Amino acid sequence: MKIKYLALGACLSIAFGIAGCKSNSEQGKSSATAAIDIVASGNPEVAELTGAPKVPAPVGNRGAKKLIVNLVTTEMEGIIADSIPYTFWTFNHTVPGSFIRLRVGDEVTLNLKNEASSVLPHNIDLHAVTGPGGGAAATSSAPGKETSFSFKAINPGLYVYHCAAPPVPMHIGNGMYGLILVEPEGGLPKVDREYYIMQGDFYTKASAIKKGLLEFDNEKAVAEKPDYVLFNGKKGALLGNNMIEAKVGETVRLFVGNGGPNLTSSFHVIGEIFDNVYLEGGSTISHNIQTTVVPAGGAAIVEFKCEVPGEYVLVDHALSRAFNKGAIGKLKVTGEANPKVFNAKTLSNH
Ligand SMILES: [Cu+2]
């Protein structure tokens, strides 16, 4: 009798499990389909864009809008580590490129200008875009030229964008990537602090043109053996005076992306546990996660409350990358000690 009930229970839970899965996937598709019919109102406005680790203001409760996103592609010298210059290729002069923040139903006109001083054509493939190449062919821009296309954001999530001009690994390897967030209707839940962090792997060799300058090394890239693995395009971008900050009692949300071009990140904050992770930047939220996978060309949103003051180390937990190649940063949490949660005791030496 008992066994019969157990079997019946198992059958029912399997049946409901399958039904649940089905309705979830259908839900995702139908919400994207429904988003096509959301009316974006008002005159077009220029979108607020920010450089890492800052993010634009949350969308909150606003309706869908018409937005203009202006991006410029550049080839420029910057510092990769310890005063060492490197020829970066960028969106809006920074690595990663500007953070773009939308809501579902927004209608975006994306203007891409390739600076006249560029040597090569550039373009943009936004993973948030439904359409051929994510916009890559539509935005292919020769030096000095500007292109434009429009799209409607129909799937919520945190997405990577990158240059897709050939050779693509070289354009990405030089820093041509960034994040675009599409918030759901009503916005993401409010938190106290939000930051933009993007990992990338860099392959370098001495420039033949200028002494001391480093440039992209294709052989190392093909072998997937980077010299640097960095957060926000520079060794120490999140260390010293550049640490990100929070106070005890605050909730922190990190928008974490990985430009690659090659390595998958094992993103971890030493001494913290992620209360929430939007897995792969999508709509499934997992809880109590120690380390989350951020694939090349992918993202994750992590959230945690800061209960104890101190310095928390952000790493790619493939730790040689953190301690030998630069994938390390810090979050500084200030405020009252919280001995109920953490209490360090000094013992005598006897
Ligand atoms: Cu490019």
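This is a predicted model: local features need pLDDT of at least 70, side-chain atom pairs count only at pLDDT 80 or more; totals for chains, interfaces and linings use all residues.

Colleague: What does the secondary structure of the protein come to?

Modeller: Helices (H or I, at least four residues) and strands (E, at least two) are DSSP runs, numbered from the N terminus. Here they come to four helices and 23 strands. The radius of gyration, taken over C-alpha atoms, is compared with a globule rule of 2.2 Å times the number of residues to the power 0.38. The protein has a value of 22 Å, close to the 20 Å that the rule gives for 350 residues, so it is as compact as a globular protein of that length.

Colleague: How many of the contacts in the protein, as a percentage, join residues at least 24 apart?

Modeller: Contact means heavy atoms within 4.5 Å. Among contacts between residues at least 6 apart in sequence, 71% join residues at least 24 apart.

Colleague: Now the metal. Which residues are the protein donors of the copper ion?

Modeller: Donors are N, O and S atoms within 2.8 Å of the metal (3.2 Å for Na, K and Ca); water is not among the atoms, so sites may look incomplete. For the copper ion they are H122 (ND1), C163 (SG), H171 (ND1) and M176 (SD), lying 2.0 to 2.6 Å from it. Two of these residues come from distant parts of the chain: H122 sits in the loop between β6 (107–114) and β7 (125–126), and H171 in helix α2 (residues 168–173), 49 residues apart. In sequence the donor spacing reads H-x40-C-x7-H-x4-M.

Colleague: Are H122 and H171 buried or exposed?

Modeller: Buried means under 20% relative accessible area, exposed over 50%, and partly exposed in between (1.4 Å probe, protein chains only). Both H122 and H171 are buried. Across the protein, buried residues make up 46% of the 350 residues.

Colleague: Why is the arrangement around the copper ion irregular?

Modeller: Four donors count as tetrahedral if all angles lie between 85 and 135 degrees; four count as square planar and six as octahedral if opposite donors are over 155 degrees apart and all others between 65 and 115; anything else is irregular. The four donor atoms here subtend angles of 88 to 135°, which makes the arrangement irregular.

Colleague: How many salt bridges are there?

Modeller: Side chains of opposite charge can pair when their charged atoms come close. A salt bridge is a side-chain nitrogen of Lys or Arg within 4 Å of a carboxyl oxygen of Asp or Glu, and the count comes to 13. One of them joins E183 and R101, with the closest N and O atoms 2.6 Å apart. E183 lies in strand β10 (residues 177–183) and R101 in strand β5, so this pair ties together parts that are 82 residues apart in sequence. E183 is buried at 1% relative accessibility, and R101 is buried at 6%. The two also belong to a salt-bridge network with E194, R253 and E303.

Colleague: Which residues have the most contacts inside the largest nonpolar core?

Modeller: In soluble globular proteins, nonpolar side chains tend to be buried together. A nonpolar core is a set of buried Ala, Val, Leu, Ile, Met, Phe, Trp, Tyr and Cys residues joined through side-chain atoms within 4.5 Å. The largest has 54 residues, and L254 and F267 have the most contacts inside it. A second, separate core of 29 residues includes L71, L112, F149 and I154.

Colleague: And the backbone: where is a peptide bond cis?

Modeller: Most residues other than glycine have a negative phi, and most peptide bonds are trans. A cis bond joins P166 and P167, with omega about -10°. The peptide bond from G260 to P261 is cis too, with omega near 20°. As for phi, D82 has a positive value of about 45° although it is not a glycine, and D82 is exposed at 56% relative accessibility.

Terms used. Residues are numbered from 1 along each chain as its sequence is written. Side-chain values use heavy atoms; hydrogens and water are left out.
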